[in-house]
Amino acid sequence: MTVDLRALVGPGARLDTRYPAFFRHRRVGEKVLITNHEGNWLLLSEDEFGRFARGDVRFDEPLHARLRDANFVRAEYDVQKAIARVRARKSFLHLGPNLHILVVTLRCNETCVYCHASRADMEAVHTDMSRETAERSIDFILRSTSPAITIEFQGGEPLVNFEVVKHAIAYAKQKNEAVGKQLEFTMVSNLSLMDEEKLAFLLEHKVQICTSIDGPEHLHDKQRKLPGLSSHKAATRWIARINEAYALMGLDPTLYHVEALLTTTRETLPRWKEVVDTYVALGCKALFLRPIDPFGFVEKTGARVEYPRSEYLAFYRQATDYMLQLNQQGVQILERYAAIFLTKILAGEDPNFLDIRSPGGAGIGQLAYGYDGRIFTCDEGRMLHETGDDAFLIGDVRTSRYRDVVGHPTVRALVIASQRDSQPDCVDCTYNPYCGVPPVHSHKALGHIWGSMRQSSLCAVHKGIQDYLFEKLAEGDPGTMGVFQRWTTVRSRDHFLQGLPAAT
Amino acid sequence: MTELRFHRDLYAGAAIDEAVKTYARFATFELAEEAAYWVVRVTATSDARANRVARELANFALGTTIRARGERA
Amino acid sequence: MSSVLEGLPSELVSADLASGAAQLRVDLAIHPLSAVYAASYVFLDRCFVLLDKTDDHTLRVTLAPRKPGADESVLRAFVGEFANELLSAAWRQQIAQDNRAVIEMVTSQAIAAAMGAPSLDDLAGFDFGDESFEDPLGIAMSWEEKYKKKPAASEGGGTPPAEDGGGQP
């Protein structure tokens, strides 16, 4: 992906330091991509880039206008425009932690080969969160400075401790009457313990439901063991039932439906078409082609499930190309990674996906609460605690003060380490304005929170996906561009918003 | 016996003291000072054990020195 | 007995295969001490690391993998990784220095927004003691403290000086 500047600038010519404003550059296919500090971008031909670099652009030609309008011309650099763009991209800096993950139990009735949560057996009732701990956690959560709060119930399998889930929701709503946050509840569940009574409660209290689907039935069941039963059948049965319930409530099915998450293992890679087809058949409108994480059981099962990221990127391209094709045939299915990056690239906004932003969300955008009330910078930090690493433990709901937790030295260190402008490689990377690598991932995979991006599997994934997206943007196919625009359009799911409207 | 020599410009004296205290129950230590070095002589039930304890102590002293620099910064 | 590690400059790197350790010579003019510390720290869980100074400008870093029986290829890998980490650390520190203002600004904004304004309970826990911060320019001094006439050595007290520029009709 390197650009041979000598070849582009031409023999005997010199790079000009007066014409170009600050830029970074990268080859994308036949074009050269340039980006600037505020995240504007242009795809230039080799000739155009060479002339830009030499300062050999006449003021009256279209290339100059393109460069000027995107703020790449030093003499006409619009500082106010740049400030406004940076402000838009960093708008999340003005908000406190909005995502709060409540791990209500470690018990789980399924065993997944890659389990990141370090699940416990069904007898391990000591890993259930108590009602009192749930209340203290909610009290803590409502102290967040963010006007909008999402409480996400996770596990293990949260349905195992459903009584505490119910109590936490009721308690949160009651306490919020005095506090006035905009509240959302979500639950990540394998759905195998769902029944009509539980569903009725979740629907009544407007809890968004998310599950995991690893693709076609044989693959899903192989990787997610439910003793004596098909975990795939259990999940898909309830996906259909919940979607039916939303439709009966009069909710738009294109907006209100169960979303599912994929964890890509080695066995998933050749099955890209089956995976997409499975999600479409289930009525899912989004597919998040997540590579495997280094947390939890993967330490032991890595030999079985892991893969080189080059193979993942080949899988990603095939699957996303197929999704683009389906979209142009009228099938709505969005790839989540692409949507996140395209929102930054095309819309100039940040969708506030906490793991892909600079600074990252650990401690300042999200907090995770263990079943025993311990507070962590993020869910991955909580996962590391379960495997003996307490580096990201920052408090306890019973004893810690809110400001001490979010102002904790560990949080400060993560904020600094996650800023792209403090990192070798990232500081010069063309994708700097759009990217982010969670320091917790670097800590686990590479031994320290800074990481080394040349060795980071996540950096490789992010670079690879952005290369793919910019290749598509360079091709400029109208059908693809239309799909990309739809993927950056966020439709709010207002049905799930409770409490007061968030102050803007 | 294993001898460790810690350059005064590179290791904090307090860090070496703390390391010696931490490993006190695993070996016997004799401390000495030279113009440019802190010297720690390690004796244990065997040479191999003395060598192992010495290496762990050296790591502990280095880690503590580095952490203390960070706290002062 | 000292031996060369293939592919690495012999004037900078040597190995003692019998003791399973490698040594690197680090020029402090190229790699600041802070970078050596940063790189060393990263290796403490996998290696025994010993630093020494051979002269005012040169360090010797000894790396001995914790796992016994390290052969030449293992030592070469550790040395290579350490050298890369040294470079990363040095560059990272330079970047942090160059971008210090924006990094501090973003960090302050992010933490301040997450923390929010202190509550009365938080303020109750603050230490507002006399010596809470240094004030070399006397900015935090009250008018009385600043302009109070200092008593002469033989006197027990004094009257405040007249204001500059008036106060009297």
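**Notebook: a predicted three-chain model**

I began with a strand pair in chain B: β1(B) and β3(B), residues 37–43, run antiparallel and are joined by 6 bridges. Strands count as paired here if DSSP finds at least two bridges between them. Helices (H or I, at least four residues) and strands (E, at least two) are DSSP runs, numbered from the N terminus.

Notes on the source. This is a predicted model, in which local features need pLDDT of at least 70, side-chain atom pairs count only at pLDDT 80 or more, and totals for chains, interfaces and linings use all residues. Residues are numbered from 1 along each chain as its sequence is written, while chains are lettered from A and ligands numbered from 1 in the order in which they are written.

**Chain B**

I looked for a residue pair across the two strands and found B:Arg5 opposite B:Val39 in β3(B). I then asked in which order the strands of the sheet lie. The order is β1-β3-β2 in an open, antiparallel sheet of 3 strands. β1 (2–7) and β2 (28–33) of chain B each have a single partner strand, so each edge strand leaves one side without a neighbour in the sheet. On average, neighbouring strands of this sheet are turned by 20° against each other, direction ignored.

Next came the helix. α1 (residues 13–22) of chain B lies across β1, β2 and β3 of chain B, at about 10° to β3(B). Axes are lines fitted to C-alpha atoms, for helices over the stretch in contact, and angles run from 0 to 180 degrees between N-to-C directions. Two residues are in contact if their C-beta atoms, placed from the backbone, lie within 7 Å.

I counted 2 helices and 3 strands in chain B. From the N terminus on, they run β-α-β-β-α. The radius of gyration of chain B is 12 Å, close to the 11 Å of the globule rule for 73 residues, so chain B is as compact as a globular protein of that length. The radius is taken over C-alpha atoms, and the rule is 2.2 Å times the number of residues to the power 0.38. The C-alpha atoms of chain B fill a box of roughly 40 × 25 × 15 Å along the principal axes. Of its 73 residues, 30% count as buried. Buried means that 20 or more other C-beta atoms lie within 10 Å of the residue's own; exposed means 12 or fewer, partly exposed in between, with C-beta atoms placed from the backbone.

**Chain A**

I found 19 helices and 17 strands in chain A. Its radius of gyration is 24 Å, close to the 23 Å that the globule rule gives for 504 residues, so chain A is as compact as a globular protein of that length. Its C-alpha trace spans about 75 × 50 × 45 Å along the principal axes. Buried residues make up 48% of chain A. Among its contacts between residues at least 6 apart in sequence, 71% join residues at least 24 apart.

I also opened one hairpin. β2 (31–35) and β3 (41–44) of chain A pair in the antiparallel sense over 4 bridges. A:Leu33 stands opposite A:Leu43. The hairpin has 5 residues between the strands, and A:Gly39 takes a positive phi near 95°.

**Chain C**

Chain C has 5 helices and 5 strands. They run β-β-β-α-β-β-α-α-α-α from the N terminus. Of its 169 residues, 25% are buried.

I checked confidence here. pLDDT is the predictor's confidence in each residue, from 0 to 100. The mean for chain C is 80, and 78% of its residues reach 70 or more. Among its elements, α5 (143–147) has the lowest mean pLDDT (70) and β5 (58–65) the highest (96). Residues 153–169 of chain C stay under 50, and the model has 11 contacts for them beyond four places in sequence. Where pLDDT is low, the predicted coordinates should not be read in detail.

**Between chains**

Which chains share the most contacts? Chains A and C do, of the 2 pairs in contact. That contact takes 20 residues from chain C and 25 from chain A. α3(C) gives the most to the chain C side, with 10 residues. By class, this side has 13 nonpolar, 5 polar and 2 charged residues. Ala, Val, Leu, Ile, Met, Phe, Trp, Tyr, Cys and Pro count as nonpolar, Asp, Glu, Lys and Arg as charged, and the others, Gly among them, as polar.

In the B–C contact, 10 residues of chain B meet 11 residues of chain C. Helix α2 (47–72) of chain B supplies the largest share of the chain B side, 7 residues. Chains A and B do not touch; their nearest C-alpha atoms are 11 Å apart. Last, I noted the model scores: ipTM 0.91 and pTM 0.83.
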